Amino acid sequence: MSEKAKQLDQVTDGLLRIEIELRQLGVWELEPPPSEAFRSTQPFCLDTMEFTQWLQFVFLDRMKVLVERGHPLPAVSGIAPMAEEHFRGREKSGQSLVRALEEMDRLLSAKGR
């Protein structure tokens, strides 16, 4: 198996793990936010979506398309710190989700080496 194929498998597994963590936290949504929410110019659509909505409807959806179509993956990822900030002071710690995102950040950032 080539290094690229191995990385794609790891990224695919990581995306599934992120989805599972969102579901276990009870924040997985069946309906996407209104279309206007996707027109945000803010990082992570902070002004129009909850961070977990952005993860589900922007990050996961876009990454799945990239993987399925064989497009290049992002060379840098820094999502875990945003997740830590989102869950700070909340009832649910989101630590398992943060760890899954740290792994995804590592996988994507290691790709360029």
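Phenylalanine 51 is buried, its relative accessible area being 3%, where buried denotes under 20% relative accessible area, exposed over 50%, and partly exposed the range in between (1.4 Å probe, protein chains only). The model is a predicted one, in which local features require pLDDT of at least 70 and side-chain atom pairs count only at pLDDT 80 or more, whereas totals for chains, interfaces and linings use all residues. Residues are numbered from 1 along each chain as its sequence is written, and side-chain values rest on heavy atoms, with hydrogens and water left out.

Four aromatic pairs are present in the structure. Rings of Phe, Tyr and Trp (its six-membered ring) are paired if their centres lie within 6.5 Å; planes under 30 degrees apart are stacked, those over 60 edge-to-face, and the rest tilted. The pair of phenylalanine 44 and phenylalanine 51 is edge-to-face, with 6.0 Å from centre to centre and 65 degrees between the planes. The rings of phenylalanine 51 and tryptophan 54 also have centres 6.0 Å apart, but their planes stand at 25 degrees, so this pair is stacked. Both phenylalanine 51 and tryptophan 54 belong to helix H2 (residues 51-69), where they are three residues apart, about one turn of the helix. Tryptophan 54 is buried, at a relative accessible area of 11%. Through ring pairs, Phe44, Phe51, Trp54 and Phe59 are linked into a cluster.

The protein chain contains four helices and zero strands, helices (H or I, at least four residues) and strands (E, at least two) being DSSP runs numbered from the N terminus. From that terminus, the order of elements is α-α-α-α. The radius of gyration is 14 Å, close to the 13 Å given by the globule rule for 113 residues, so the protein chain is as compact as a globular protein of that length; the radius is taken over C-alpha atoms, and the rule is 2.2 Å times the number of residues to the power 0.38. The C-alpha trace spans about 40 × 30 × 25 Å along its principal axes.

Of the 113 residues in the protein chain, 38% are buried. Among contacts (heavy atoms within 4.5 Å) with a separation of 6 or more, 71% involve residues 24 or more positions apart. The accessible surface, calculated by the Shrake-Rupley method with a 1.4 Å probe, amounts to about 7,000 Å², and 51% of this belongs to carbon and sulfur atoms.
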